[in-house]
Structures are given as structure tokens and as C-alpha cells.
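This briefing is meant for a reader who is meeting the structure for the first time. Please keep the sequence and the model in view while reading the points below.

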Amino acid sequence: MLNIEKTDNGVIHVRASGKLTQPDYDTFDVQFDKVAQANKPVRVLVELDRFEGWDAAGLWQELKFDVTHNDDLGRVAIIGDKAWEEWGTKISKPFFSAEMKYFDRTQEAEARDWLMRP
């Protein structure tokens, strides 16, 4: 499941849980486009909650989303609690123009502070 939980102070809070699929991205794309039209670049706080990765179609949709919205993104903070989530964030950095940074679940306040820095 992939949902925009809330938008505040120009930051989108996204929750990713379970295994992400193409229908998850179909819904998310519509939500994201509405927010991005009013707030560019978009700063995103991604909370990984029992995140299991993607199925094949979901991964393809993720890659298409990343390419399509690369210029819409400002900073992206990823919050999780698994070493592979941090590793995934680090190897994704070269493919984005946006700044990306991983934070442990206990560092949510620091993640929000980092997103709001000029």
C-alpha cells in the first residue's frame, strides 16, 4: 500500500507498507500530481512501515514514477528500520536530482527538520 497520509508545511508524508503493486502507484500518481501542481519542488517524507518491497509490476511503476517526477521533487527523507532500506536509499541517490537521506525510525524529528532546511 502506498498512500499520501497528509500534507503540511509543504511536505508530503507518504506511508509505504507491504508489497507495492501497480494499482498502488496508479492511485498514488493521481494524489501526487494534485499536490505537485500547487507545491514544486515537493518535499517528501517517506515512512516505510512493514515495507516488503515491490512486485514486478510495482517496481516498473516505481521506476516510471521516479523518471516522470524527478524534476518535481525537492528533498526526500526516508524513514525506516531495516539495514536494506538504508542501503536502498543510498544506491538510489545517483538516479535522482533531489537530495535523499535515510533516517532511522527514532529520528523522525531530525528527518522533518532536514526537509525544512533551505
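A crossing of two helices is called right-handed if the near helix is turned clockwise from the far one by less than a right angle, and left-handed if the turn is anticlockwise. In this predicted model, helix H1 passes helix H2 in a right-handed crossing.

- On the H1 side the contact is made by Gln22, Tyr25, Asp26, Phe28, Asp29, Phe32 and Asp33, while H2 contributes Ala57, Gly58, Gln61, Glu62, Phe65 and His69.
- Tyr25, which is found in helix H1, counts as buried because its relative accessibility is 2%, the limit for buried being under 20%.
- Leaving aside neighbours within four places in sequence, Tyr25 is in contact with Leu2, Leu20, Trp54, Gly58, Gln61, Glu62 and Phe65.
- Although Tyr25 and Glu62 are 37 residues apart along the chain, their C-alpha atoms are separated by 7.2 Å.

**The nonpolar cores**

- In soluble globular proteins, nonpolar side chains tend to be buried together.
- The largest nonpolar core here has 24 residues, and those with the most contacts inside it are Val14, Phe32, Val44 and Val76.
- At least two residues of this core come from each of strand E1 (2-8), strand E2 (11-20), helix H1 (22-38), strand E3 (42-54), strand E4 (73-80) and strand E5 (100-104).
- Another core, of 8 residues, lies apart from the largest one, and its members include Val11, Ile79, Ala111 and Trp114.
- With neighbours within four places in sequence set aside, Val44 is in contact with Ile12, Val14, Phe32, Leu73, Arg75, Val76, Ala77 and Leu115.

**Leu48 and Glu85**

- Leu48 lies in strand E3 and counts as buried, since its relative accessibility is 8%.
- Beyond its neighbours within four places in sequence, Leu48 is in contact with Ala16, Ile78, Ile79, Gly80, Glu85 and Arg105.
- The C-alpha atoms of Leu48 and Val35 are separated by 20 Å, the two residues being 13 residues apart along the chain.
- Glu85 is found in helix H3, residues 83-92, and with a relative accessibility of 3% it too counts as buried.
- Not counting residues up to four places away in sequence, Glu85 touches Leu48, Phe51, Gly80 and Tyr102.
- Glu85 and Thr68 are 17 residues apart in sequence, and from C-alpha to C-alpha they are 23 Å apart in space.

**Backbone details**

- Most residues other than glycine have a negative phi, and most peptide bonds are trans.
- Lys40 and Pro41, however, are joined by a cis peptide bond with an omega of about -10°, and Pro41 lies in the loop between H1 and E3.
- Arg50, whose place is in strand E3, has a positive phi of about 55° although it is not a glycine.
- At a relative accessibility of 61%, Arg50 counts as exposed, because the term applies over 50%.

Methods
Residues numbered from 1 in each chain as written. Predicted model: local features only at pLDDT ≥ 70, side-chain atom pairs only at ≥ 80, totals over all residues. Heavy atoms only, no water. Core = buried A, V, L, I, M, F, W, Y, C linked by side-chain atoms within 4.5 Å. Buried < 20%, exposed > 50% of the residue type's maximum accessible area, 1.4 Å probe, protein only. Helix = DSSP H or I, 4+ residues; strand = E, 2+ residues; numbered from the N terminus. Contact = heavy atoms within 4.5 Å.
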